[in-house]
Structures are given as C-alpha cells and as structure tokens.
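Work through the exercises below with the sequence and the structure at hand. Each task is followed by a solution in steps.

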Amino acid sequence: MLENFPFYLGILVVILLLIMLANKIKVAYPILLVLAGLIISFIPGRPFINIEPDLIFFIFLPPLLYEAAWTVSWKELWRWRRIITSFAFVVVFLSALSVALVANYFIPGFSLALGFVLGGIVSPPDAVSAGAILKFVKVPKTISSILEGESLLNDASSLIIFRFAMIAVATEQFIFYKAAASFSWMIIGGVSIGLCIGWIFMKAHKYLPTDNNADIVLTLLTPYIIYLSAEEVHCSGVLAVVSGGLLLSNNRHRFLTSKSRLQGINVWESFCFILNGFVFMLIGLDLPQITRGLEGVGLLSAIGYGIMITFVLIVSRILSSYGAVVVTMIARNFITVADSKNPGLKAPFILGWTGMRGVVSLAAALSIPVYLNNGNGFPQRNLILFITFIVILLTLLIQGLTLPYFIRKINFSSLDDSLPRDEVYKNIRQELAEYAVDYLKINYSDQVENNPALQHLILKWEQYSNGIEDESIGKELKVIYLDLLDKQRQWLLEKNRTDLSIDESIIRRQMHSLDIEEEKLRFL
C-alpha cells in the first residue's frame, strides 16, 4: 500500500486538473474522469487497483447520500412528491423490468432472475453526473427539484430490486409473501432507524458541550453510523441515511451554531468533491479487471450486449417519463397536484434524458459474489460487470455530452418561475428588513432614544427595507469593494510584519472578518 502512495497522490492531482478543465470547457467532470481512468488503466506498469464493493458501498455511498439530503429542499421534495415517487420507484422498476425481459430474450444463458439482477444494477440514474451538467445550464426550478428528489430515492429502490433478484438467483425460487414481508421491513425499518439515530445525533449536538469542530466531526460520523446500523438488521441503509439526513437538515438551525453551519458547509463540499472525483476515476481504472474476467463471450459480443442494454434503458426511461406526466395530468382531475400547468413535450424529454449511470451501478455490480452458497460460480457475473461498465460509459458520453445542447435548444419559459430568482431574493430581503425594524421599534422602544448603537442598527435595516443596499451594490461598486478588501488585507499583513507588539491571532481574526465580508458580496 505504501509503495503505491505516490500513485494515489498523482491520481488526486489528475482529478483536480481534470475537474478544473471540465469547469473551463463546461463539461460534466464525471465524463472526463471516467475517460481519464480508462486511459490510465492501459498504462503499462501502473499499480493494480482492485475495487472492493464494500469500499464504495460503505466509504463512498453514505456521505454522498447524506450530503444530498442536506442540500435538497424538503418543501420542494414534498411539493413534487408524486412525480418524484413515480420516477424513484415506478420508473426505476419499469427500467429494471425492461432490461430483465430484453436480457432474458437476447443474451444466451440469462435467466429472468439474472435479468433482474442486471436491471437492478443499471436502473438508477446518477445524481452527481446530472448535477455537474445542470451547473452549466439554466433549467426551471421544477425540473431541478424533481431530479434532486429522485436522486435521493432511486438508489434505494434499485438496490431493493437487486437484492431480491440476487436471492432468486441463489435459491432458484421466489416466494412472494416472504419477499413482500422483507420489502416492507427494508423500507419501514430503514426509515425508522434513520429517523431514530438522526434524532439521537440531533440531541447530542444540542445538549453535549460541543464546539464547531466537534459538531463537524459528528456530522461526518452520522451517515456511517446510520448506514451500518440499518444494514446490520437487514434494512435499507440508503433509505436510513436519506431519512436521517432529511430530519437533521430540516432542523439544522435548532441544534447547530452559525459557525458550525458555515464551516460544516465548506468541509462537506470539499469532502464530497474528493469522494466523487475518486469514485468516477476508479470506474475507468477498473476496466482491465472487468475485461479479463470475460470468459466464453467474445469482446465484440459483450460490447454489443452493453450497447443494447444502454439503448433499452434510454428508451424505457423516456417513455416512462411521458407516462408519469400523463398519469399526473389525469390525477389532477381527482386530487390536488403541485402544478396544474401542462408541461408539454419538453420537460418529460429532459427528465428522461438525464439518465446517466454511475456510482451505485458500479458498486452493485462489484458486490455480486464470485461463488454461490453451494460453491458454484455466480452465473454470468463477469458479463454483468462488463455490461454495467459499458452502460456507465455510454450514458455518460451520449446523454452527458448532449444534455446541455438539448436544454439550450428547448425554451422553458412556460415552466419557469413567475419571477426571477434574484428578484424574489430581493423581495424577501426587504420584507425581512421591515420585520426587523418593526420588531426593534416595538420591543426596544424604551432604549431607542438613549442608545445610539441601536439607532444605527434600526437605520441600517431601514435602508435594507428601502432597497438602498441592493441598489447601491452594483457590478462597478462590487469591483471597487473587492479592491478595497484586497488592499485592507495587504495593510494588515504589512502591519503584522512591522509591528512586533501585535499578536498575530488578532490580525488573523480581522482577516477572517474581511473574508466573511467578501463572501457577503455573493448575496448582494
């Protein structure tokens, strides 16, 4: 392990450079990372990397799911619950069913159970890839909210399908009532465990004498403990992490200090940045291991099977997307739906086209055991691994590279928000300022006349309520302000160097204040 450490450092440097390049050319970074891993895998003499499935499932998956649960809006998740549930469960099941039927019919040696194993593996779209692409293009909040909500649940539904299919392959039978009981326990138990452990951590943050560092460490431990606890009792660890993350996210302002929240955001963004980079690079690096395992199937035939399954996934998701919208349009005649506007043909196509596969598919494929309990080799394991890799690669390349083009060509004005987001933000800020002024004048009226500092505070919020602050901070003034902050930093550094009587921690505290002031400019 130690002798390969320089190689892993080099991989990290390559990941950073490729992500910077992806941002520069406005391409989703998972695409470049998978291709780079593929190229590096053919370099002779490189260290051999054996990807353990537990490494991805336990090390990578819980924090990535937890971070996604913290960033998603519970209000939007609940608002679009019907369409999100349709995509996360119904569309995923239909995709898995389509793959199972096609694989069973066209691929020699594939039983229906093996088809469902493959379908459960490749059915969930990857949220990271879609998010990386949507960062460069503007889509209505409706679509982004649905995609964010789907990404939290589709991993759980696909892994449940995968587990039941694995049991059917191993036992060569499928007992419906046992499967139904197990399915119910995985969902109900997973959600319950996630909520219970999330509640315990919430109380730990609130009542233990933690500081901001301890708070951040606790947030890093939380997803792993929730996931492991759920898996130990054979529940869905994915649903447990998601439910616990949503609970803590929705109550973050009740148990975390402002300093813990600010620093926690930075830590989690950097942590998930590294995890995502490594896992997509590992997908490409693992190709030689997957290719060497092909036995009894020609390489061209295996590639053909991968292309066929990719085509089935793309078509089935698009058709399912239109079907989900049709069901919603019919349902609005009987129940209240979140949005009664007709999305037309545009939104379902984009929702269907955002079907890139990634982390969960790779982890599930690698988790297939080499041997069954009876000692026989797992049927078609290596072919399933190879098809999964082809599906990940092709969906990233085909859909990932073309999605920005389709979004730019499609006019989403009919589905967009009624007001621009910046304008809504400004209105909320002014209403908040009006509330602050009224509160100070009513509750501290006796102190206003004799307290100049309080008078200044009221004047400040009155200016906010009148929009003066927003109107005065334009692009030109921002440039001037940034230049001023930079000169202030230089003055502080010079002061620290020349005045030996000043404690440097005081200078650093003032520098931190300037950093916060610069960060505030992002919201003005």
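**Exercise 1. The nonpolar core**

Task: In this predicted model, find how many residues the largest nonpolar core has and which of them have the most contacts inside it.

Solution. Step 1: The largest nonpolar core has 125 residues. Those with the most contacts inside this core are Val117, Leu118, Ile121, Met281 and Ile309. Step 2: The element that gives the most to this core is helix α18 (residues 381-409), with 13 residues. Step 3: Another core, of six residues, lies apart from it, and Leu485, Leu492, Leu514 and Leu521 are among its members.

**Exercise 2. Surroundings of Ile121 and Ile368**

Task: Say which residues Ile121 touches, leaving out those up to four places away in sequence, and decide whether Ile368 is buried or exposed.

Solution. Step 1: Ile121 touches Phe162, Ser361, Ala364, Ala365, Ile368, Ile384 and Thr388. Step 2: Ile368 belongs to the loop between α17 (359-366) and α18. Step 3: The relative accessible area of Ile368 is 1%, and buried means under 20%, so Ile368 is buried. Step 4: Beyond four places in sequence, Ile368 is in contact with Val117, Ile121, Phe162, Met166, Phe378, Arg381 and Ile384. Step 5: Ile368 and Asn382 are 14 residues apart along the chain, and their C-alpha atoms are separated by 9.5 Å. As a general point, nonpolar side chains tend to be buried together in soluble globular proteins.

**Exercise 3. Packing of α5 and α6**

Task: Find the angle at which helix α5 and helix α6 pack, and classify the arrangement of the pair.

Solution. Step 1: Helix α5 (residues 81-106) packs against helix α6 (residues 112-122) at an angle of about 140 degrees, and their axes are 7 Å apart. Step 2: Roughly antiparallel would require an angle over 145 degrees, so α5 is oblique to α6. Step 3: The crossing of α5 past α6 is right-handed. Step 4: On the α5 side the contact includes Phe93, Ala96, Leu97 and Ala100. On the α6 side it includes Leu112, Gly115, Phe116 and Leu118.

**Exercise 4. Salt bridges**

Task: State how many salt bridges there are, then work out how far apart in sequence the parts tied together by Glu231 and Arg163 are.

Solution. Step 1: The count comes to eight salt bridges. Step 2: Glu231 pairs with Arg163, with the closest N and O atoms 2.6 Å apart. Step 3: Glu231 lies in helix α10 (residues 212-232) and Arg163 in helix α8 (residues 141-171), so this pair ties together parts 68 residues apart in sequence. Step 4: Glu231 is partly exposed at a relative accessible area of 24%, and Arg163 is partly exposed at 28%.

Key:
Residues numbered from 1 in each chain as written. Predicted model: local features only at pLDDT ≥ 70, side-chain atom pairs only at ≥ 80, totals over all residues. Heavy atoms only, no water. Core = buried A, V, L, I, M, F, W, Y, C linked by side-chain atoms within 4.5 Å. Buried < 20%, exposed > 50% of the residue type's maximum accessible area, 1.4 Å probe, protein only. Helix = DSSP H or I, 4+ residues; strand = E, 2+ residues; numbered from the N terminus. Contact = heavy atoms within 4.5 Å. Salt bridge = Lys/Arg side-chain N within 4 Å of Asp/Glu carboxyl O. Axes fitted to C-alpha atoms, helices over the stretch in contact; angles between N-to-C directions. Parallel < 35°, antiparallel > 145°, perpendicular 65-115°, else oblique. Left-handed = near helix turned anticlockwise from the far one by under 90°.
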